Amino acid sequence: RSQPATNFRRACSRVCGARVKSRVAKRSGSDGAMADDVAAPPPDAEMTDAPAPDGAGGEISTGGDHALDNSTPNVGTGDGGATLARAQPAASDATPPKPRVFKIGDKVSALASFDGVHHEATVVDLRRAKGAEGKDEDAIGPADVSYYVRYAGMDKRLDAWVAGVNVDVLDPGMTRDLSDPLLGPGSLASPRKDSVNLGDGAPAEGRKVTRNLKRRYNEINNVAGSIEDLAPIDQKLEKEHDEKTKVKNIGCVEFGRFEVDAWYFSPYPAEYADCAKLYVCEHCLKYMKHEVTLLKHKARCRMTHPPGRMIYRHPRHDEGKPGLAFWEIDGNTHKVYCQNLCLLAKLFLDHKTLYFDVDPFLFYVMTEFDERTNKHAVVGYFSKEKC
């Protein structure tokens, strides 16, 4: 027999013998005589040739104490007793705690207001709530901060401020694959390849995607182009433009009977920055921060139609609809009105660059005539450079 197996059987014999004799001593009531007989057998005592128990093939030390390594319990016999110690399971890796405050550039899961679902997003900017400006960084919690996020694969117009309690750590399973040229950044959904509309009725699957094909797809499906597709000089200008206009400064606009969410940044004066709602007069296009100011302005505003001259009129009384009219306005003659028109339009146009230098342009404004008030309200416009 191997020496390790023999040593193990000896250890087990000593432990079992000690327990049996101890029980006999208690039953017979003899304290001293039986205690003297409970002596451990000598180390070289003969033992029966019983097979070694399962799991006894591990390493066993042959000193005064016999210990079984690996997953077998350790057995100590230095003083005639036995000590069993089970191996403790390794602690599982805990999920990293949620950061108290995310940083600019972090990938997060943000609750979108347009569909009520969490989407992958990137933190573009952050701001503290009122009452949390003086708190230390360690004391800032989710309720003390708001994040301006840009949703992955979606148009820039959907960027929005999201409360910190609605922003969470990004689940790796939410990450979208935006490498497909046909499903690139800017699409509001992820259409299947076999249903992509390329304008010619041919299936997109299996076709080689060229630059012209991708441009045509973006135009038909109203998808914003990628910066990487531009020329190097245009890429630089686009990045500078995105840095200046990355955060919307106006939340929504109240224009006449309508309240419209703003899409993009517009260079209104600094005192109107971070305005949740901007109030605009539908006749003269002057803008205000407060509703009470707009009501006072309407009481004294005498403008009933855009400046300039009417070049077209289409009454629609028979159709039961308000009449339409077009007005030609010279930017050099009516500079303030045209500047206000450009600032308002910039809230819905990302790459509009004409704001204040309106002198060399003619503006053509379409209006609807309201018979109840006998005034014209602006509904659209376009402009062209003077010849």
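Among contacts in the chain between residues at least 6 apart in sequence, what share joins residues at least 24 apart? In this predicted model, the share is 51%.

Start with the whole chain. It has 387 residues, and 33% of them are buried. The secondary structure comes to six helices and 13 strands.

Now turn to one residue, H118. It sits in strand β2, which covers residues 118-128. Its relative accessibility is 37%, so H118 counts as partly exposed: buried would mean under 20%, and exposed over 50%. Y151 lies 33 residues away from H118 along the chain. The C-alpha atoms of these two residues are separated by 9.7 Å.

Next comes a sheet. Four strands form an open sheet in the order β10-β11-β12-β13, and the pairing is antiparallel. Strands β10 (309-314) and β13 (375-385) are the edges, because each pairs on one side only. From one strand to the next, the twist averages 20°.

Look at one pair inside this order. Strand β11 spans residues 323-330, and strand β12 spans residues 361-370. The two run antiparallel, joined by eight bridges. Here I329 stands opposite F363 in β12.

Terms used
Residues numbered from 1 in each chain as written. Predicted model: local features only at pLDDT ≥ 70, side-chain atom pairs only at ≥ 80, totals over all residues. Heavy atoms only, no water. Buried < 20%, exposed > 50% of the residue type's maximum accessible area, 1.4 Å probe, protein only. Contact = heavy atoms within 4.5 Å. Axes fitted to C-alpha atoms, helices over the stretch in contact; angles between N-to-C directions.
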